[in-house]
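Open the model in your viewer and keep the selection panel at hand. The stops below say what to select next and what is there.

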Amino acid sequence: MKVFFSILLLALGGCAAAEPAPLPGSSCLRCETPLGADDRAYACSYECTFCPMCSEDLNHVCPNCQGSLEAKPDRGKGPLR
Ligand SMILES: [Zn+2]
Ligand SMILES: [Zn+2]
């Protein structure tokens, strides 16, 4: 039974490692600058995300969908107690 569980854990670990699954909007689609929750970021309505510099370069137009890039609203620090 012990062996079975270690194999199961190994399989689960392997699965997680095989799928890095980047969070959507976690980095600039153009220059790949990481964009944290506290960083200014610009995004179109399809959630293509760009850093402020690239957004300026692109004249605030998304190169993927031609939509306008809007500054993402500041994300709060979560609900107060
Ligand atoms: Zn960028
Ligand atoms: Zn877009």
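Start by selecting lysine 72, which lies in the segment after β3. Strands (E, at least two residues) and helices (H or I, at least four) are DSSP runs, numbered from the N terminus. This is a predicted model, in which local features need pLDDT of at least 70, side-chain atom pairs count only at pLDDT 80 or more, and totals for chains, interfaces and linings use all residues. Residues are numbered from 1 along each chain as its sequence is written, while chains are lettered from A and ligands numbered from 1 in the order in which they are written.

Stay on lysine 72 and show its surroundings. Lysine 72 is partly exposed, because 16 other C-beta atoms lie within 10 Å. Not counting residues up to four places away in sequence, lysine 72 touches Ala41, Tyr42 and Ala43. A contact here requires C-beta atoms, placed from the backbone, to lie within 7 Å. Draw a C-alpha to C-alpha distance from lysine 72 to alanine 41: it reads 5.7 Å, for a separation of 31 residues in sequence.

Next, select the strands. Three of them form an open sheet in the order β2-β1-β3, with antiparallel pairing. The edge strands, each pairing on one side only, are β2 (49–50) and β3 (70–71). Two strands count as paired if DSSP finds at least two bridges between them. Strand β1 covers residues 42–43 and is joined to β2 by two bridges, the two strands running antiparallel. For one of the bridge pairs, select alanine 43 and its partner in β2, threonine 49. If you display hydrogen bonds, keep to the backbone, because strands of a sheet pair through backbone hydrogen bonds, either parallel or antiparallel.

Move to the loop between β1 and β2, where glutamate 47 lies. Is glutamate 47 buried or exposed? Glutamate 47 is exposed, since it has 11 other C-beta atoms within 10 Å.

Glycine 67 is in the loop between α2 and β3. With 15 C-beta neighbours inside 10 Å, glycine 67 counts as partly exposed. From glycine 67 to alanine 43 the C-alpha to C-alpha distance is 9.2 Å, across 24 residues of sequence.

Step back to glutamine 66, also found in the loop between α2 and β3. Its phi is positive, about 65°, although glutamine 66 is not a glycine. Glutamine 66 counts as exposed because it has 8 C-beta neighbours inside 10 Å.

Glutamate 32 is not a glycine, yet has a positive phi of about 60°. With 10 C-beta neighbours inside 10 Å, glutamate 32 counts as exposed.

Now select glutamate 56, in helix α2. Glutamate 56 is exposed, as 12 other C-beta atoms lie within 10 Å. Its C-alpha is 9.6 Å from that of leucine 69, which is 13 residues away in sequence.

Then colour the model by pLDDT, the predictor's confidence in each residue, from 0 to 100. Where is confidence lowest in the protein? It is lowest in helix α1 (residues 2–18), at a mean of 54, and highest in helix α2 (residues 52–57), at 96. Select residues 14–22: the pLDDT there is below 50, and beyond near neighbours in sequence the stretch has zero contacts in the model. The protein averages a pLDDT of 79, and 68% of the residues score at least 70.

Finally, clear the selection and view the whole chain. The protein has two helices and three strands, which run α-β-β-α-β from the N terminus on. Of its 81 residues, 15% count as buried. Among contacts between residues at least 6 apart in sequence, 23% join residues at least 24 apart.

Note on methods. Buried ≥ 20, exposed ≤ 12 C-beta atoms within 10 Å, placed from the backbone. Contact = placed C-beta atoms within 7 Å.
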